[in-house]
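Please look over the sequence and the structure below before reading on. The report that follows goes through them part by part.

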Amino acid sequence: MQQEKAERITITLPPEMLASIKQKVSTGSYGSTSELIREAMRVWQKKEEEHDARISLIRNRLQQSMQSGEPVALDAVFGGIEKLHKRRM
């Protein structure tokens, strides 16, 4: 696999985030701040992909639902629920 050319960027972080990063690097959890940031980006990217997949699934289910049979008026549905409730009471 060919490695892509990396590009250097500058970011500004609040002091508590920077301290947390420096602490993780100093204890050996990560080899460098860049390594930690790359790992954080991988986690974020995976979260975004999972979110996009969930949204796509919801959209597909809504589309299938819209195409499954004739629509029923909301008043008719609630009317039926009320009748069922009265019979059970």
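## The loop between the helices

S32 is placed in the loop that lies between α1 and α2. The model is a predicted one, and every value given here was computed from it.

Helix α1 covers residues 15–26, and helix α2 covers residues 33–66. Where α1 and α2 pack, the angle is about 115° and the axes are 9 Å apart. Because angles from 65 to 115 degrees count as roughly perpendicular, α1 and α2 are described as roughly perpendicular to each other. The crossing in which α1 passes α2 is right-handed.

K22 lies 57 residues from G79 in sequence, and the C-alpha atoms of K22 and G79 are 63 Å apart in space.

## A nonpolar patch on the surface

Which residues form the nonpolar patch on the surface? The patch is made of I9, I11, L13, M17, L18, I37, M41 and W44, and together these have about 730 Å² of accessible area. The elements that contribute two or more residues to this patch are α1 and α2, and α2 gives the most, with three residues.

I11, one of the residues in the patch, has its place in the segment before α1. With a relative accessibility of 47%, I11 counts as partly exposed, because the value falls between the limit of 20% for buried and the limit of 50% for exposed.

How many salt bridges does a search of the whole structure find? The search finds two. In one of them E39 is joined to R42, and the closest N and O atoms are 3.2 Å apart. Both E39 and R42 belong to helix α2, where they are three residues apart, which is about one turn of the helix. E39 is partly exposed, with a relative accessible area of 30%, and R42 is also described as partly exposed, at 46% relative accessibility.

The side chains of K46 and E50 also meet in a salt bridge, with a distance of 3.8 Å from N to O. K46 and E50 both lie in helix α2 as well, four residues apart, and this spacing is again given as about one turn of the helix. Are K46 and E50 exposed or partly exposed? K46 counts as exposed, at 51% relative accessibility, whereas E50, with a relative accessible area of 39%, is partly exposed.

V43 is another residue found in helix α2. Its relative accessible area is 51%, and V43 is therefore exposed, because that word is used for values over 50%. V43 is 15 residues from G28 in sequence, and the distance between V43 and G28 in space is 19 Å, from C-alpha to C-alpha.

Key:
Residues numbered from 1 in each chain as written. Predicted model: local features only at pLDDT ≥ 70, side-chain atom pairs only at ≥ 80, totals over all residues. Heavy atoms only, no water. Buried < 20%, exposed > 50% of the residue type's maximum accessible area, 1.4 Å probe, protein only. Patch = residues over 30% accessible without salt bridge, like charges linked within 9 Å, V, L, I, M, F, W, Y side chains within 5 Å. Areas by Shrake-Rupley, 256 points an atom, 1.4 Å probe, with all protein chains shown as cover. Salt bridge = Lys/Arg side-chain N within 4 Å of Asp/Glu carboxyl O. Axes fitted to C-alpha atoms, helices over the stretch in contact; angles between N-to-C directions. Parallel < 35°, antiparallel > 145°, perpendicular 65-115°, else oblique. Left-handed = near helix turned anticlockwise from the far one by under 90°.
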